[in-house]
Amino acid sequence: ICVGELEEQARAVLALGTGGQVRALEEMELLAAGGTEEAPVDPAVRGAAIEALGRLYKSLTDLEQKKRVYETVEAAALEGAFRLPGVRGLRWVGDDRSIARLQQLVAANEDRDLEVRKEAIRTLGIHADPSSEKVLAAALMNWQLAETALQALEACFPNDPLRVAMSAAIR
């Protein structure tokens, strides 16, 4: 398989998730797990499958399937080589539990994977949930996260620049 084909496969998997193709759940779970011993999955496709599961989450109606999908996406976000796709998957889940998990990732100062933390910050900005204010304000204190955290705070409070400034000043 050449590189172009892998990119096409990854896009196709993401499209299945975005399109809510529930009948593809079993195949996406297999891809997210890394495939089989006989047919391992390329890491790019595996990452896309993890994110696609997050995209598919809201289309699922079976509670057991939702639980399984959430656990897969969350586990990927917390550790391993597929943390970024896991964080992006949590973005698409978008419920209170996933937002709380993203807030925990941002607040984890011992976590040295700044790209994962930045992606979690960007995701909190996309959701613009005011409950993220405290953790985003705390992230302002890390110079490597400050710009991203400020943008997320501004997204959370687009009509209240004073609140954003005060959040930054209080920290």
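Start by selecting V13 and showing its neighbours: leaving aside residues up to four places away in sequence, V13 touches M28, L31, V45, A48, A49 and A52. Keep in mind as you look around that this is a predicted model.

Now widen the view. V13 is one of the residues with the most contacts inside the largest nonpolar core, along with I121 and L136. That core has 48 residues. Which helix gives the largest share of this core? Select residues 43–56: this is helix 3, and it supplies 7 residues, the largest share.

Next stop, helix 7. Select residues 114–127 to bring up helix 7, then pick out T123 within it. Is T123 buried or exposed? T123 has a relative accessible area of 0%, so it counts as buried, the cut-off for that being under 20%. Show what surrounds it: T123 touches V87, R91 and L102, again not counting residues up to four places away in sequence. While you're there, draw a distance from T123 to A152. The two are 29 residues apart in sequence, and their C-alpha atoms are 8.1 Å apart in space.

Finish on the surface. Select residues 161–170, which make up helix 10, and find L162 there. L162 has 59% relative accessibility, so it counts as exposed; the cut-off here is over 50%.

Key:
Residues numbered from 1 in each chain as written. Predicted model: local features only at pLDDT ≥ 70, side-chain atom pairs only at ≥ 80, totals over all residues. Heavy atoms only, no water. Core = buried A, V, L, I, M, F, W, Y, C linked by side-chain atoms within 4.5 Å. Buried < 20%, exposed > 50% of the residue type's maximum accessible area, 1.4 Å probe, protein only. Helix = DSSP H or I, 4+ residues; strand = E, 2+ residues; numbered from the N terminus. Contact = heavy atoms within 4.5 Å.
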